[in-house]
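Please look at the sequence and the structure together before reading on.

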Amino acid sequence: MQKDLKTLFGEIHGLDEKSLNFLVKALEKNNLPGFDYIEFKQSLGNLLAMDMVEETAFKSVYATAVAVGLTKEKLLKSAKHYKQILNKEKDQFDAALQKQMVQRVEGKLKEVEKLKAQIVEYRKKIAELENRIQKAQGTIDNADGQINDAKAKIQAREEAFQFTYQSVFNQIDQDIENIQQYL
């Protein structure tokens with residue numbers, strides 16, 4: 001790739017680096033052959049880096065791209081292809097996030113409920129089971145912190161991904177609007 005896609009899509013501050021890398025790799029892996037939206041975006045980025053007016057940059061890149069067989073229809077079609085790639089990655093991310101939520105949080109919640117039930121039984125036999133009750137209570141106390149930590153990490157990860165995803169997605173939408181408006 002001429003210009004790093006991460007640079008092209010990662011200009012907005014506050015994007016999650018890991019999410020951006022993940023999304024950009026998916027775009028690179030699914031890059032269509034020939035001159036399409038990705039190469040258009042790279043060329044556009046080069047011209048904009050030279051402080052060219054956006055409309056002029058779009059028209060200049062498009063004029064050059066026409067020479068290699070690109071049409072406005074092909075450009076828009078390929079941009080939509082990359083949006084579909086991003087949507088697939090988001091769906092996979094959401095599924096993985098849900099799986100983590102089930103494994104890390106719901107599993108711990110079930111474990112805590114089981115331990116609470118055991119405590120009720122231990123209290124019936126308090127004399128001979130005092131040691132077990134203290135052990136189980138300690139596990140519960142630790143589990144609450146682990147659950148809260150896991151939830152916080154997962155939610156922070158989701159927020160970072162959603163912000164980065166929406167930024168890249170919106171940039172493509174804006175480019176599509178500009179292509180439709182300028183070309």
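Asp-94 is found in helix H5, which covers residues 72-124, in what is a predicted model. With a relative accessible area of 25%, Asp-94 is partly exposed, because that category lies between the cut-offs of 20% for buried and 50% for exposed.

Asp-94 can also be placed relative to Ala-143: the two are 49 residues apart in sequence, and from C-alpha to C-alpha they are 25 Å apart in space.

## How H3 meets H4

Two packed helices are described by the angle between their axes and the distance between the axes. For helix H3 (residues 37-49) and helix H4 (residues 54-67), the axes come within 9 Å and cross at roughly 135°. That angle makes H3 oblique to H4, and the crossing in which H3 passes H4 is right-handed.

On the side of H3, the contact is made by Phe-40, Ser-43, Leu-44, Leu-47 and Leu-48, while H4 contributes Glu-54, Ala-57, Phe-58, Ser-60, Val-61 and Tyr-62.

## Confidence of the prediction

The protein chain has an average pLDDT of 88, and 97% of the residues score at least 70. Among the elements of the chain, H4 has the highest mean pLDDT, at 94, whereas helix H1 (residues 5-9) has the lowest, at 77. Where pLDDT is low, the predicted coordinates should not be read in detail.

Methods:
Residues numbered from 1 in each chain as written. Predicted model: local features only at pLDDT ≥ 70, side-chain atom pairs only at ≥ 80, totals over all residues. Heavy atoms only, no water. Axes fitted to C-alpha atoms, helices over the stretch in contact; angles between N-to-C directions. Helix = DSSP H or I, 4+ residues; strand = E, 2+ residues; numbered from the N terminus. Parallel < 35°, antiparallel > 145°, perpendicular 65-115°, else oblique. Left-handed = near helix turned anticlockwise from the far one by under 90°. Contact = heavy atoms within 4.5 Å. Buried < 20%, exposed > 50% of the residue type's maximum accessible area, 1.4 Å probe, protein only. pLDDT = per-residue confidence, 0-100.
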